[in-house]
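Please read these points with the structure open beside you.

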Amino acid sequence: LAKVNREYNKAVAYIDKCVQLTEADSPRRIDYMAKKAEILTLAYQGSSDNKYLGMAIADYESLLAKMPNNTSVLNNLAYMLALSNERLPDALKYAETVYSLMPNDPGVLDTYGYVLHKNGKHPEAAERLAAAVQQYEQNKVDAPPEVYEHLGMVKEALGDKVAALAEYSRALERGAGRLTDNDKERINKAIERVSR
């Protein structure tokens, strides 16, 4: 309920109690740790507070130690590291691992493209992000707004301001009613930047 009500600090405190009450290697403890990482990710998305991002990274790393082949954990950790601009080579290694296992998953393609971008591999990033959009379309699912924002970042890095503007605008359009104020502000700043 605390998570639903966006009371993330309270939700984390409850999950921490659940973790403490379970045995070290029990599946239930791992499930609680995953829930905590999810809550911390939501807290970061809603606040842009790097404290939550750092805590989410630490939780995903703990999960990775227990489940080194879990594609969801690897993908989320790669994405969080890229968001933090820390240990980008590690993020790339994790993203490459997941991509090798799930090359047609649009969420994996988005993460891989974003991590490639953060590592300065913009042409490869553009390919993966375009493939992510294509996979979403083939699955008849709207791509999340962050995929278009990531594509806008890559197009901007490649010097194509017209394409970057189109992708950033698409991110705002697709995210209408779902984007946080921080997200809207960040994307609008990017639109202003490429419109000059």
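1. Bear in mind that the model is predicted.

2. Arg170 pairs with Glu167 in a salt bridge, and their closest N and O atoms are 3.0 Å apart. Both belong to helix H9 (residues 161-174); because they are three residues apart there, about one helical turn separates them. Glu167 is buried, since its relative accessible area is 11% and the cut-off for buried is under 20%.

3. Helix H2 holds another such pair. Lys35 and Asp31 form a salt bridge whose closest N and O atoms are 3.1 Å apart. These two residues are four residues apart in helix H2, so the separation is about one helical turn. Lys35 is partly exposed at 37% relative accessibility, and Asp31 is also partly exposed, with a relative accessible area of 37%.

4. Which residue forms a salt bridge with Glu38? The partner is Lys3, with 2.8 Å between the closest N and O atoms. This pair links distant parts of the chain: Glu38 lies in helix H2, Lys3 lies in the segment before helix H1 (8-20), and the two are 35 residues apart. Glu38 counts as partly exposed at 36% relative accessibility. Lys3 is partly exposed too, with a relative accessible area of 32%.

5. Side chains of opposite charge can pair when their charged atoms come close. Salt bridges can also join into a network, as they do for Asp16, Lys36 and Asp59.

6. How much space lies in the largest pocket? The value is about 980 Å³. The pocket is lined by 32 residues, and those closest to its centre are Thr41, Gln45, Tyr79, Glu146 and Asp183.

7. Which elements give two or more residues to this lining? They are helix H2 (27-47), helix H4 (71-84), helix H6 (106-118), helix H8 (145-157) and helix H10 (181-195).

8. Sorted by class, the lining of the largest pocket has 14 nonpolar residues, 10 polar residues and eight charged residues.

Technical notes:
Residues numbered from 1 in each chain as written. Predicted model: local features only at pLDDT ≥ 70, side-chain atom pairs only at ≥ 80, totals over all residues. Heavy atoms only, no water. 1 Å grid on protein atoms, 1.4 Å probe; cavity = no way out; pocket = protein on both sides within 12 Å on 5 of 7 lines; lining within 4 Å. Points joined across faces, edges and corners; volume = space filled by probe spheres on them. Nonpolar A, V, L, I, M, F, W, Y, C, P; charged D, E, K, R; others polar. Salt bridge = Lys/Arg side-chain N within 4 Å of Asp/Glu carboxyl O. Buried < 20%, exposed > 50% of the residue type's maximum accessible area, 1.4 Å probe, protein only.
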